[in-house]
Amino acid sequence: MSIKMLIIILGAGFVTYCTRFPLILATSKGEINPGLKKFMSFIAPAVLTSLIIPAIFIREGNIDISLTNNYIIASVITVITAYFSKNMLLSVIVGICTVAILMFIS
């Protein structure tokens, strides 16, 4: 391992620690502020949405909002499944199967 790699690893660790330290300090007294707790509950859905939306709507560098986009159809079916079943595993399986079927058909 070179010195450069070691510096990069230590720097990444330091930056990670600096981003987490304020939360560790804020929660060290026991209870988390309800406002902070509510704010943090939105982080996971926001990150997940920011990862999924481009994968669904962007095809070959262009925005594709049409019925020929199989990922939109699969997404709608998956969301409906998740809403009614409240089952994450079933939703994932339905989404994967829907994409596979649509890819096979088209």
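The C-alpha centres of domain 1 and domain 2 lie 32 Å apart in this predicted model, where local features need pLDDT of at least 70, side-chain atom pairs count only at pLDDT 80 or more, and totals for chains, interfaces and linings use all residues. Residues are numbered from 1 along each chain as its sequence is written, and side-chain values use heavy atoms, with hydrogens and water left out. Domain 1 covers 1-30 and domain 2 covers 34-105, the bounds coming from an automatic or database domain assignment.

Helix H1 (residues 3-27) has 25 residues and reaches 36 Å from its first C-alpha to its last, close to the 36 Å expected at 1.5 Å a residue, the expected span being 1.5 Å times one less than the number of residues. Helices here are DSSP runs of H or I with at least four residues, strands are runs of E with at least two, and both are numbered from the N terminus. A kink of about 35 degrees lies at Arg20 in H1, shortly before Pro22, the bend being the angle between axes fitted to the seven residues ending at a residue and the seven starting there.

An unreviewed UniProt entry annotates residues 39-58, 65-83 and 89-105 as "transmembrane region"; such annotations may be inferred rather than shown by experiment, feature names are shortened, and positions follow the numbering used here.

| Span | Helix | Strand | End C-alpha atoms apart |
|---|---|---|---|
| residues 39-58 | 90% helix | 5% strand | 29 Å |
| residues 65-83 | 74% helix | 0% strand | 22 Å |
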